[in-house]
Amino acid sequence: MLPVLFNKIKKAKLKATAQQPYDGCVVAKMLINANHEITLNTLPAGASINLCEHQASDEMNYIISGTGCAVCDGEEKPLQPGDCHYCPKGASHTIINTGSNDLLLFTVKQ
């Protein structure tokens with residue numbers, strides 16, 4: 001298998017919810033295969049990733065820039081650059097951009 005250069009993957013706009021009346025939009029670069037899903041997400045200020053639950057995979061989110069909040073099974077944790085948030089399979093979770101700048105995060109599901 002040839003190596004994949006993540007910066008060569010095209011961005012896709014994903015529908016997102018908003019914490020405020022702002023209608024944000026998540027932009028992502030996604031690499032999906034049979035074993036992994038690797039995503040570089042950009043959440044604009046006020047946007048969030050919809051509350052979801054992954055029955056077959058754990059999820060790890062590494063914060064590159066911006067600030068936000070992770071909610072995993074109802075427990076809130078603030079996020080800032082350098083934080084790594086883990087959510088086990090079967091847990092309901094969301095990530096919310098609570099800052100005034102884009103929240104850039106790298107997500108791995110396995």
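**Exercise 1. Determine which residues T94 contacts, and describe its setting.**

Step 1. Setting aside neighbours within four places in sequence, T94 is in contact (heavy atoms within 4.5 Å) with S48, I49, N50, L51, C69, A70 and V71. The model is predicted: local features need pLDDT of at least 70, side-chain atom pairs count only at pLDDT 80 or more, and totals for chains, interfaces and linings use all residues. Residues are numbered from 1 along each chain as its sequence is written, and side-chain values use heavy atoms, with hydrogens and water left out.

Step 2. T94 lies in strand β10; helices (H or I, at least four residues) and strands (E, at least two) are DSSP runs, numbered from the N terminus.

Step 3. With a relative accessible area of 12%, T94 is buried. Buried means under 20% relative accessible area, exposed over 50%, and partly exposed in between (1.4 Å probe, protein chains only).

Step 4. A polar atom of the T94 side chain is 2.4 Å from the backbone oxygen of I49.

**Exercise 2. Repeat the analysis for strand β11.**

Step 1. Strand β4 (residues 37-43) is joined to β11 by 7 bridges, and the two run antiparallel. T39 stands opposite T107.

Step 2. Strand β6 (residues 59-65) pairs with β11 in the antiparallel sense over 6 bridges. L105 in β11 is the bridge partner of I63.

Step 3. Because 5 of the 7 residues of β11 (residues 103-109) are buried, this strand is largely enclosed by the rest of the structure.

Step 4. The largest nonpolar core has 9 residues: V26, L43, A47, I63, A70, L79, I95, L103 and L105. Such a core is a set of buried Ala, Val, Leu, Ile, Met, Phe, Trp, Tyr and Cys residues joined through side-chain atoms within 4.5 Å.

Step 5. Not counting residues up to four places away in sequence, L103 touches residues including L43, I63 and I95.

**Exercise 3. Locate the disulfide and assign its handedness.**

Step 1. A disulfide is taken as a pair of cysteine sulfur atoms within 2.5 Å. This rule gives 1 disulfide, which joins C72 to C87 at an S to S distance of 2.3 Å.

Step 2. The pair links distant parts of the chain, 15 residues apart: C72 is in strand β7 (residues 68-72) and C87 in strand β9 (residues 84-87).

Step 3. The torsion about the S-S bond is about 85 degrees, so the disulfide is right-handed.

Step 4. C72 is buried, with a relative accessible area of 12%, and C87 is buried at 1%.

**Exercise 4. Examine the phi of D73 and say where the residue lies.**

Step 1. Most residues other than glycine have a negative phi.

Step 2. D73 is not a glycine, yet has a positive phi of about 50 degrees.

Step 3. D73 sits in the loop between β7 and β8 (75-79). With a relative accessible area of 54%, D73 is exposed.

Note on methods:
Two strands pair if DSSP finds at least two bridges between them. A polar contact is a pair of N or O atoms within 3.5 Å; within protein, one must be able to donate a hydrogen and the other to accept it, and residues adjacent in sequence count only if both atoms are side-chain atoms.
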